[in-house]
Amino acid sequence: MTWVAGTSGGVGNTNSTNGASADFGVDNGNTITVDGGILAHTKGTNWVRIGNWGEGTLDIKDGKVFFPVGEVHVGTHGTAANGIIRIGDGTGAAGSAVMNLWATADGNWSGQTTALNLGKQQSATFYGSAGFITIESDGLLEGGAHTTTWDDTKKVWNYNQSVTRIGFYPSAVESVLLIKAGGRFNARGTVEMGSAGALNGMTSKGLLHLDGEGALMTMDFGELNIGRDGVGRMIIENSAQFIKSTNALDTTSGVIPKGFGNNLGRAATGAGTLTIRTNGKFIRDTGGNVGDFYIGANGQGTIYIETGGEFINRSTNWDWIAVAAGSVGKVYVSSGGLYSVTTGANIVVGRDAANATLAAASGLIEIDGGSLVSGGDVHIGQDGSGTLRLISGRAEMNKLSMGRGAGTSLVEVQSGRCSSRGTFSSRGTRATTPRTRVSARPPSTRAAAPSPPRTPSPSVWARTTPAP
């Protein structure tokens, strides 16, 4: 059993002035290996640095590591100071290799919030590092928890979150958190990919990758930001699953905190992509505090739902595709992909109008062989610009509306089936009422029909623009 109490130096560790540090870490090409034992840091606000001035590695083959500290940096000072953590070796039982950020060595909650930063920088002088975490089939990463405090001045409860940042600061190299088949990451706070904006011609880059049967990530608190201020990617494939559940009752405050948002392209400089394929699933589970999803919140957000992939909303929280002025949001559903809303939650495409400096929010849903199946309403063009394009496949919803406010909207059906169980509505004067075009499909080949072949049905599109 190994205990680390924030002693000076750590394992080949140095601080920001290249001297001894009270923080613990591994540096200069060294590796810490945990194989059957326990490595534990005392609770506190100290930092752990995996890769500080030079590359450092933490290899947890089997056993447990507890880091209830202020921050864990994976890659810290410059391009030569990358950090590597491997949780599991792929040979043990599920959960036999653990890195735990929320508990002390006795397994109890520490009461300490912890930031896990992949690709940190110490100052504007030392930047460009990247961090890499791999969770193998026998690996488990337990994220830091939140704390609750009372603000007696404002008479409100404050929820102080732990956060995982994948690609914290600008770097030419993309930081990666990879969850392999059977591996698991339980996040209890905000998770970000591409956290910071540009510096010295570079931007932050982060990838969260779930790959393989049994690969699982859960969230029960905090925001999901894919491309916060930088460039973020999330890939879910080969039967892996991501599940975000509704906020539970907070035992300190005695209330259920409001849901935190989920964003692709959170800031104007943010660009986020989510790719779901080959039986991968992105699930927002039941409840009303899972958080709305903003696809292109202020920046650019794109979702690709490809063969066998499923984007599922079981909550009552809405989806917004292109939100603020200047934003661009797009959802592509290709053959075998499914965009599913099982409740009455709505989808809004193109929310905000243009302002003095930015164009109207521009949103798109394009279905090419896949399916959009929603129990709620779909609004195309609220005050922004919205398009629903059905190339082939199906689009089913409760109600379909176009141009709810001052927005422009386009619904184009080239082939396939577009249906609503309720009403279809659009706004505008006679000069701007929707136009429809019907083009013939190929003649029927049905035999024994004495009458000429039928030629109805086909491609239908409608457009609305705001009334003058």
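**Salt bridges and a cavity**

Me: Why is Arg277 called partly exposed?
Reply: Arg277 has a relative accessible area of 25%, and partly exposed is the class between buried (under 20%) and exposed (over 50%), with a 1.4 Å probe and protein chains only. Arg277 therefore counts as partly exposed. This is a predicted model, in which local features need pLDDT of at least 70 and side-chain atom pairs count only at pLDDT 80 or more, while totals for chains, interfaces and linings use all residues. Residues are numbered from 1 along each chain as its sequence is written, and side-chain values use heavy atoms, with hydrogens and water left out.

Me: What makes the contact between Glu237 and Arg277 a salt bridge?
Reply: Their side chains meet at 2.9 Å, N to O, and the term asks for a side-chain nitrogen of Lys or Arg within 4 Å of a carboxyl oxygen of Asp or Glu, so the pair qualifies. Glu237 belongs to strand β21 (residues 231–237) and Arg277 to the loop between β24 and β25 (281–284), so the bridge ties together parts that are 40 residues apart in sequence. A strand here is a DSSP run (E, at least two residues), numbered from the N terminus. Glu237, with a relative accessible area of 11%, is buried.

Me: How do you know that Arg188 and Glu142 are paired, and which parts do they tie together?
Reply: The N to O distance between their side chains is 2.7 Å, which makes a salt bridge. Arg188 sits in the loop between β16 (184–187) and β17, and Glu142 in strand β11 (residues 139–142), so the pair links parts 46 residues apart in sequence. Glu142 counts as buried because its relative accessibility is 11%.

Me: How many salt bridges does the rule give, and which residues are linked in a network?
Reply: The count comes to 19 salt bridges, and Arg165, Glu192, Arg228 and Asp229 are linked in a network of them.

Me: What makes a space a cavity, and which residues line the largest cavity?
Reply: On a 1 Å grid over the protein atoms alone, a cavity is a set of points where a 1.4 Å probe fits but cannot get out, and lining residues have an atom within 4 Å of a point. The structure holds one cavity of 30 Å³ or more. Among the residues lining the largest cavity are Gly143, Gly144, Ser162, Arg188 and Val191. The elements that give two or more residues to this lining are β14 (163–166) and β17 (190–193).

Terms used: On a 1 Å grid over the protein atoms alone, a cavity is a set of points where a 1.4 Å probe fits but cannot get out, and a pocket is an open set with protein on both sides within 12 Å along at least five of seven lines; lining residues have an atom within 4 Å of a point. Grid points are joined across faces, edges and corners, and a volume is the space filled by probe spheres set on the points. Helices (H or I, at least four residues) and strands (E, at least two) are DSSP runs, numbered from the N terminus.
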